[in-house]
Amino acid sequence: MIRRLCAALLALAWLGGAAQAHEIGTTQVQLSTGPGETWSAVITTAPTALVNRLEAAAGQPLSHDLTAERVAAILPGHSAAIAAQVEVRADGTPRPTTVMVERVEMPSDITLPAFVVLRASGTLPPGTRALTWRYGLVHSTYGVVFTDAAGGAARTQWLEGDATSAPFDLAANPTPVALPQLAAQYLALGFLHILPEGLDHILFVLGIFLLSTRLRSILVQVTAFTLAHSVTLGLTLYGVISLPSRVVEPLIALSVAYVAVENLLTARLTPWRPLVVFGFGLLHGMGFAGALADLRLARRDIIPALVSFNAGIELAQLSIIAAAYGAVALACASGGYTDKPWYRRRVVIPASSAIAATGLFWTVQRVAGL
């Protein structure tokens, strides 16, 4: 049983190294209708990920060490492939799409964001009442903000991968989303941001758990982490503080490595550990906020969305800890297993080593922009 538990933890860490971590917030879509029966969509996404997906679909070798000039040269050759992945339907009927590269930013200064802006556009039949949207070049959750030519309020939908949106009504004053529905939507989004999509956050929470499974030790660390990410989530969403993902994401990966390395160096909660976890929680909060930035939430919706999203994150974190606690308890029928020499030797050290290696791999990968 102990071997199976350890193997499960190692498999999770390996999975984290083999796959990209959460992608929420790296792609955003601004869909709108304009005068003259037209529609357009501004797609902002990560340049390297977009280029590599297009190359993989075309059976081409993947490009590395990309610059803005190379991305701008590569993408026009894939414009037809991109257009084929954009599907706008007017009252259920698909519309022809053209795509152009509008902007590519890949600054050498890592404190500045790297992104590519695509503009998809087309025409609409007279009298169109509703649109649906689908984009096939995203493998995770992303937000679509819709505005119409009639001047209605912006509306946001969260889509999973290449899912098709619910219809966007072209009426100028659609019925506002009820607060319970909004809360449920952002609660689910916060949960999904961790489980199953936030592998880096999952490994960070497991790193917190592995130091000691004593409830007091876990609660001290989780409380510090929760307070920290709640603060920066709110401040970032309101625009008080801001750091680009090119800085935040490598530091989040480094936080995963740090807690795992410390687990290898000490067997008990040190006085500085909660402070370090708090500091890393500030970074994770900025990462969480990337999922909600620039979505034009109505003023009445900001607080419910923020609270619900944060609650979803907490539910996911507690689920991870509960699952890990249950797995260890099941593996060790008798209590006090954290005091047994074999627990640290067979569980903590191999699992923390795998998590540390994964965190360091992610750090290098994200700094290099791969």
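Modeller: Contact means heavy atoms within 4.5 Å. This is a predicted model, in which local features need pLDDT of at least 70 and side-chain atom pairs count only at pLDDT 80 or more, while totals for chains, interfaces and linings use all residues. Residues are numbered from 1 along each chain as its sequence is written, and side-chain values use heavy atoms, with hydrogens and water left out.

Colleague: Which residues have the most contacts inside the largest nonpolar core?

Modeller: In soluble globular proteins, nonpolar side chains tend to be buried together. A nonpolar core is a set of buried Ala, Val, Leu, Ile, Met, Phe, Trp, Tyr and Cys residues joined through side-chain atoms within 4.5 Å, where buried means under 20% relative accessible area, exposed over 50%, and partly exposed in between (1.4 Å probe, protein chains only). The largest such core has 46 residues, and those with the most contacts inside it are Phe204 and Phe209.

Colleague: Which helices each supply at least two residues of this core?

Modeller: Helices (H or I, at least four residues) and strands (E, at least two) are DSSP runs, numbered from the N terminus. The helices that each supply at least two residues of the core are H5 (179-194), H6 (199-211), H7 (215-237), H8 (245-265), H9 (273-289), H10 (299-331) and H11 (341-368).

Colleague: How many residues does the second core have?

Modeller: This core is separate, and it includes Ile43, Val86, Ala90 and Tyr142. Its number of residues is 34.

Colleague: Is Gln221 buried or exposed?

Modeller: Gln221 is found in helix H7. Not counting residues up to four places away in sequence, it touches Ile208, Leu211, Leu269, Arg273 and Val277. Because its relative accessibility is 0%, Gln221 counts as buried.

Colleague: How far is the backbone oxygen of Ser217 from a polar atom of the Gln221 side chain?

Modeller: A polar contact is a pair of N or O atoms within 3.5 Å; within protein, one must be able to donate a hydrogen and the other to accept it, and residues adjacent in sequence count only if both atoms are side-chain atoms. Between the Ser217 backbone oxygen and a polar atom of the Gln221 side chain, the distance is 3.2 Å.

Colleague: What is the separation of the C-alpha atoms of Gly122 and Thr97?

Modeller: Gly122 is found in strand S6 (residues 115-123) and is buried, with a relative accessible area of 15%. Leaving aside neighbours within four places in sequence, Gly122 is in contact with Thr38, Trp39 and Pro96. Gly122 and Thr97 are 25 residues apart along the chain, and their C-alpha atoms are separated by 5.2 Å.

Colleague: How many salt bridges are there?

Modeller: A salt bridge is a side-chain nitrogen of Lys or Arg within 4 Å of a carboxyl oxygen of Asp or Glu. One of them joins Arg103 and Glu105, with closest N and O atoms 3.3 Å apart. By this rule the count is six.

Colleague: Which helices hold Glu249 and Arg366?

Modeller: The side chains of Glu249 and Arg366 meet in a salt bridge at 3.2 Å, N to O. This pair links distant parts of the chain, 117 residues apart, with Glu249 and Arg366 lying respectively in helices H8 and H11.

Colleague: How far apart are the closest N and O atoms of Glu262 and Arg273?

Modeller: Glu262 is buried at 6% relative accessibility, and Arg273 is buried at 0%. In the salt bridge between Glu262 and Arg273, the closest N and O atoms are apart by 3.1 Å.

Colleague: Near what value is phi of Asp65?

Modeller: Most residues other than glycine have a negative phi. Asp65 is found in the loop between helix H2 (47-57) and helix H3 (68-74), and it is exposed, with a relative accessible area of 66%. Its phi is positive, in a residue other than glycine, and is near 50 degrees.
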